[in-house]
Amino acid sequence: MRRLAALTLVALLRAAEARAEDPAWLAAATAQLPKALVAGRVLRTGELGQTALIAVFPAGADDPRTPGSAFTSGQVLEVTLAPEGDARRVVSAVVRPRTAQDPAGDDPFAEDQAEILASLAKQKPEPGVEPCRLRAWSIDTSRKGLPVRAAPSATAKVVGTLAPPRHTPESGQGEDDSWHVEFEITGYKDGWFRIRNASPPGAPYDDPPPRSYPKTYRGAGWIPADKAGGAYANTLMPVMRLHQAPSVDAQDIPPGDDAADPSGNLPIDGTLERLYACSANWALTKSRDGKRGWWRGICSNQVTNCS
């Protein structure tokens, strides 16, 4: 209940902040950004409106070819403002690295997030691998199962196989009526997810497959990103929308009219259509309205929503 109240307060504060902003100066300031950057949230406006700080992110952070990273400190647009009648005029706007002294965005899960980033950053690094902490399931439909490879390459050695979906009315999966292998995602590289600790289809729900069913490889390895599915969690986002970059300070993306709930947010039930990449506990996804963006908190619960 405390977290729900905190989320509600954050939403109200953000709405009030948006109403208080003068769109003229904001548009003038962000228009000075280079094409390689896009604006996120306003982090500071200054007591008398004389200075402002805006979070900025790479324009390609939501592109599967150049996914963003939750581990980078990011940049800010530092804006100097001067009064001009009842409005404010932009005197200068300079992009600089974001520092620990800069204000942070409102995030009721900031401490949890900092712990996740710190623990993942301590892991033994692998060149080019983005550390992740997510849970997902296999969406591969091959009867032979999904090969798990030793490296993120279609030519790498196959070290094991994830069992195919197991069709059973007990799964409660609606028209699908099947259990899927679940696993942890621990890294991402070049369109591949590194996984481990896979569980046989139905096993987490006290409905394990019979002994004759194909075995599920439980070790570490790599699978194509387009063979992983999951569900949006609903407790890790101050604003329940996709974001342009893996940060709560990135620009949020309003869902399409046919996908939005009454509050204008993205509902989580059956909404996630595709996983592209990951960073920490964020995933670059496509929602059912066709929009692409980052969501913090992906889970593999095949029975209920991920509260």
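This is a predicted model: local features need pLDDT of at least 70, side-chain atom pairs count only at pLDDT 80 or more; totals for chains, interfaces and linings use all residues.
A residue counts as exposed when its relative accessible area is over 50%, and as buried when that area is under 20%.

**First stop: aspartate 190**

Select aspartate 190, which is found in the loop between strand 10 (182-189) and strand 11 (192-199). Its relative accessible area is 61%, so aspartate 190 is exposed. The backbone also deserves attention here: phi of aspartate 190 is near 50 degrees, a positive value in a residue other than glycine.

Next, select alanine 280, in the loop between strand 17 and strand 18. Alanine 280 is not a glycine, yet its phi is positive, at about 55 degrees. Is alanine 280 buried or exposed? Its relative accessible area is 0%, and therefore alanine 280 is buried.

Now extend the selection to the two strands on either side. Strand 17 and strand 18 form a hairpin, with two residues between them. The two strands pair in the antiparallel sense, over six bridges. To follow the pairing in the viewer, select cysteine 278, which stands opposite alanine 283 in strand 18. Strand 17 (residues 272-279) is mostly covered, as six of its eight residues are buried. While the strands are displayed, recall a general rule: in a regular strand, side chains alternate between the two faces of the sheet.

Move to aspartate 107, in the loop between strand 4 (87-97) and helix 3 (110-121). With a relative accessible area of 16%, which is under the 20% limit, aspartate 107 is buried. Which residues are in contact with aspartate 107, leaving aside its neighbours within four places in sequence? They are Pro238, Val248 and Arg296. Display the side chain of arginine 296 as well: the side chain of aspartate 107 makes a polar contact with it, at 3.0 Å.

**Last stop: the largest pocket**

Finally, select Ala70, Thr72, Ser73, Arg98 and Ser247, which lie nearest the centre of the largest pocket among the 31 residues that line it. The elements that give two or more residues to this lining are strand 2 (51-58) and helix 3. Helix 3 supplies the largest share, four residues. The space in the largest pocket amounts to about 730 Å³.

Methods. Residues are numbered from 1 along each chain as its sequence is written. Side-chain values use heavy atoms; hydrogens and water are left out. Buried means under 20% relative accessible area, exposed over 50%, partly exposed in between (1.4 Å probe, protein chains only). A polar contact is a pair of N or O atoms within 3.5 Å; within protein, one must be able to donate a hydrogen and the other to accept it, and residues adjacent in sequence count only if both atoms are side-chain atoms. Contact means heavy atoms within 4.5 Å. On a 1 Å grid over the protein atoms alone, a cavity is a set of points where a 1.4 Å probe fits but cannot get out, and a pocket is an open set with protein on both sides within 12 Å along at least five of seven lines; lining residues have an atom within 4 Å of a point. Grid points are joined across faces, edges and corners, and a volume is the space filled by probe spheres set on the points. Two strands pair if DSSP finds at least two bridges between them.
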